[in-house]
Amino acid sequence: MAKERPYPGSTIVSTFNAGITGLVRTLAVEIAPHRVNALHPGLIGDSPKWRDVPNPPHSAQTPIGRLVTMAEIADATDFLLRNTRINAHDLHMDGGLLAT
């Protein structure tokens, strides 16, 4: 999320995430017909960092009213691997937080 919504102190992570987007797009062209996609998970509610935290940050701000789960991230990864028509795509898994 730092790439889309930078905050003070996020220079390194914002730059890194923007670089991933650039890498995905250029590699998709350079190594075609092989596909390249990126999955940007945001905060994962049941990850070891957040699962024991009551009311983790941003959970109430998402349109789905919660943070995404590790199972949902795994499902999205499977989708990107199986769907052969998805290429050069950045999939944001943030529960819609970027839309708010």
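Tutor: A residue is buried if its relative accessible area is under 20%, exposed if over 50%, and partly exposed in between, using a 1.4 Å probe and protein chains only. Also, this is a predicted model, where local features need pLDDT of at least 70, side-chain atom pairs count only at pLDDT 80 or more, and totals for chains, interfaces and linings use all residues. Residues are numbered from 1 along each chain as its sequence is written, and side-chain values use heavy atoms, with hydrogens and water left out.

Student: What is the phi of Asn55 near?

Tutor: Most residues other than glycine have a negative phi. Asn55 is a residue other than glycine, yet its phi is positive. The value is near 55°.

Student: Which pattern does the protein follow along the sequence?

Tutor: Helices (H or I, at least four residues) and strands (E, at least two) are DSSP runs, numbered from the N terminus. Here there are 2 helices and 2 strands. Read along the sequence, they give α-β-α-β.

Student: How many bridges join S1 to S2?

Tutor: Two strands pair if DSSP finds at least two bridges between them. S1 and S2 run parallel, and Asn37 has His89 as its bridge partner in S2, while Leu39 has Leu91. The number of bridges joining S1 to S2 is 4.

Student: Which residues are on the covered face of S1?

Tutor: S1 covers residues 37-40, and it has two faces to sort out. Asn37 and Leu39 belong to the uncovered one. The covered face has Ala38 and His40.

Student: Is Asn17 buried or exposed?

Tutor: Asn17 is found in helix H1, residues 11-30. Contact means heavy atoms within 4.5 Å, and leaving aside neighbours within four places in sequence, Asn17 is in contact with Met1, Ala2, Lys3 and His40. Because its relative accessible area is 15%, Asn17 is buried.

Student: And Leu23, what is its relative accessible area?

Tutor: Leu23 lies in helix H1 as well. Its C-alpha atom and that of Asn37, 14 residues along the chain, are separated by 9.5 Å. Leu23 is partly exposed, and the value is 44%.

Student: What is the relative accessible area of Ala88?

Tutor: Look in the loop between H2 and S2 to find Ala88. Its phi is positive, near 60°, although it is a residue other than glycine. Ala88 is partly exposed, at 33%.

Student: How far apart in space are Asp75 and Leu27?

Tutor: Asp75 is in helix H2, and at 52% relative accessibility it counts as exposed. Asp75 and Leu27 are 48 residues apart in sequence. C-alpha to C-alpha, they are 23 Å apart in space.

Student: How far apart are the centres of the positive and negative side chains?

Tutor: Lys and Arg count as positive and Asp and Glu as negative, while His and the chain ends are not counted. Each charge is placed at NZ of Lys, CZ of Arg, CG of Asp or CD of Glu. The protein has 9 positive and 9 negative side chains, and the distance between the two centres is 3 Å.

Student: Last one: what percentage of the residues count as buried?

Tutor: Think of the whole protein now, whose C-alpha trace spans about 45 × 30 × 25 Å along its principal axes. It has 100 residues, and the share that count as buried is 28%.
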